[in-house]
Amino acid sequence: MTRPQAPIRRIGILTGGGDCPGLNAVIRAVAKTAIYQHGIEVVGIRDGFVGLIENNVVPLDAAAVSGILTRGGTILGTNNKCNPRRHMVGRDVHGEPMFADVTGQIRENIRDNRLDAIIVIGGDGTMSAAATLLSDEINLIGVPKTIDNDIVGTEITFGFLTAVATATEALDRLQTTADSHHRVMVCEVMGRNAGWIALTSGVASGSDVILMPEIPFDMDEIAVFIEARMVRPGFAIVVVAEGALPKGGAQVVARHDPTSADPIRLGGIGQAVAEAIARRLDVETRTTVLGHVQRGGSPIAADRILATHFGHHAIQTLMSGKTNRMVVRQNHIFDDVDIAFAANRQRLVPVDHPLITAARALRTCFGDRPPVHASGARPAVVV
Ligand code: F6P
C-alpha cells in the first residue's frame, strides 16, 4: 500500500530468527543507503523483537556498519524464540512458564524511540511476528533471510547459497573417505520443511541419494539402490534434510521447547537412515550432522551481493512511500510484496522441480520409486 509520504527521519533495523550469512551485509546496505542517500538517522535494535520489548536500542552511524560486509552472524544479535503476542515473561511458583501479549509495550517503545519505520530482517517466523504488530502507526519493511530458502514470495533468500557451498564442500570431503573405506556416508543438512539445501548441495556434490521433506522416502527403495552402488563404485553418499521423513512416518524431533515461539527442533533422521541401511545391507555406515556450521561464517560473494541488493531495495521501497512490504526477488528483478504474505508459510521444493528432473535423469535416488520413462520402462538400477 502506498500512502502520502510522511517524512522519514529515523529508522530502526532489527535481525530476527536464526543467524544467517549475509545479515551484516544487509545491515550495512540498509544503514549506508539511508544515511548517505537520504540523511536518515539509523538505530539498531538488539536481539530481534526482544530489543523492542526491553527498549534496547543502539545508534548506528556509517562508522558502526563499516567493515562488517564479510562478517558472519549479526552485529545486532538475534532471537528466534519471541512471539510478541505470547512472549515468555517469567515462571510461576511451580516453575511453569508465564506468557503475556507484549505488542503494546513494543508499540510504546517504537513511539518513544521516534522510529518512522523498522527494517525487519528475518525468516517466516520473524515476518509472522511482524504481521502481529501491523497497524497504521508502524511501517515495517521486511528483508527475507534464511539458509533454508523457503520464504514465500521470493525466489531466493540471502544465506542460502553460502549454506549450500558449505554443505557441498562437506559432501565432497565425505566422498573421499567413503571411497577409501567402501562405506555409506550419510550427511544430515538443515531444511525443516523444505529440501532446498539437500537438493542443491546433493546435486552439486553428485550425491547418490537425496532425501527431502517434499518426497517421503521408502527404505526398501534406498536399500536396492545402495546395494547396486556398493558393487560399483563401492561406496555411496546420502544427503538427508533434517525434515525428511519416511512414507507414512513422521519427522524426527530432537527437542521441544514450550517456552519458544518456535518450539520444535528437528534432528536425528540422518542417524536413523544410516542405521536402517546398515540393518538391511552388509555395509558400514557413518553419519555426519552439519548443523549450525551451515549458518556460520562469512557469506560467499553471491550472498554479499544479494544482501546488498536487498538492503538497498528495502530503503528504496520505504522511500517510495510504501508501507508494510517485504522486499523479494522474482525472475532476477527486485520487487516487494505485502509483509504478511510470507507469514506462517513456507516455499517448498516442487516435486517436479527441474533440478529434481535433471538429477533423476542422472540416476540420483530420491528414496521413492523412480518414475516411469517416456518409453514406458522403469529405469533399472545399473551397476
Ligand atoms: O530456519 C533455519 C534453521 O537453520 C533450520 O533449518 C533449523 O531447523 C533451525 O534453523 C535451527 O535453529 P536453532 O538455531 O534454534 O537450532
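In what order do the strands of the four-stranded open sheet stand, and is their pairing parallel or antiparallel? The order is β9-β10-β8-β13, and the pairing is parallel. The views below come from a predicted model, in which local features need pLDDT of at least 70, side-chain atom pairs count only at pLDDT 80 or more, and totals for chains, interfaces and linings use all residues. Residues are numbered from 1 along each chain as its sequence is written, and side-chain values use heavy atoms, with hydrogens and water left out.

**View 1. The two domains of the chain.** The domain assignment divides the chain into domain 1 (10–158 + 299–342) and domain 2 (163–295 + 350–361); such bounds come from an automatic or database domain assignment. A distance of 32 Å separates the C-alpha centres of domain 1 and domain 2. Where they touch, 18 residues of domain 1 and 17 residues of domain 2 take part, contact meaning heavy atoms within 4.5 Å.

**View 2. The largest pocket.** Both domain 1 and domain 2 give residues to the lining of the largest pocket, so the pocket lies between them. It holds about 1,000 Å³ of space. On a 1 Å grid over the protein atoms alone, a pocket is an open set of points where a 1.4 Å probe fits, with protein on both sides within 12 Å along at least five of seven lines, and lining residues have an atom within 4 Å of a point. Grid points are joined across faces, edges and corners, and the volume is the space filled by probe spheres set on the points. The lining counts 47 residues, and G18, N80, R192, D262 and R265 lie nearest the centre of the pocket. Two or more lining residues come from each of α4 (124–133), β8 (183–189), β11 (253–256) and β12 (264–266); α4 provides the largest share, six residues. Helices (H or I, at least four residues) and strands (E, at least two) are DSSP runs, numbered from the N terminus. By residue class, the lining comprises 13 nonpolar, 20 polar and 14 charged residues. Here Ala, Val, Leu, Ile, Met, Phe, Trp, Tyr, Cys and Pro count as nonpolar, Asp, Glu, Lys and Arg as charged, and the others, Gly among them, as polar.

View 3. Seven strands form an open sheet in the order β3-β2-β1-β6-β7-β14-β15, with mixed pairing. Two strands pair if DSSP finds at least two bridges between them. At the edges stand β3 (57–59) and β15 (333–338), each with a single partner strand, so one side of each has no neighbour in the sheet. From one strand to the next, the twist averages 30 degrees; axes are lines fitted to C-alpha atoms, for helices over the stretch in contact, and angles run from 0 to 180 degrees between N-to-C directions. Helix α1 (residues 23–38) packs on this sheet, where it touches β1 (10–15), β2 (41–45), β6 (117–122) and β7 (140–144), and its direction makes about 175 degrees with that of β1.

View 4. Strand β14 (residues 325–330) pairs with β15 in the antiparallel sense over six bridges. R325 stands opposite D338 of β15, and R329 stands opposite F334 of β15. Two residues lie between the strands of this hairpin, in which N331 takes a positive phi near 50 degrees.

**View 5. The hairpin of β4 and β5.** Strands β4 (residues 87–91) and β5 (residues 97–100) run antiparallel and are joined by four bridges. G90 has M98 of β5 as its bridge partner. This hairpin has five residues between its strands, and G95 takes a positive phi near 85 degrees.

View 6. Three bridges link β9 and strand β10 (residues 236–241) in the parallel sense, with L211 opposite V240 in β10. Helix α8 (residues 269–280) lies across β8, β9, β10 and β13, at about 160 degrees to β8.

**View 7. Backbone details in two loops.** In the loop between α7 (219–231) and β10 lies P233, which a cis peptide bond with omega of about 10 degrees joins to R232. D47 lies in the loop between β2 and α2 (49–53); its phi is near 60 degrees, a positive value in a residue other than glycine.
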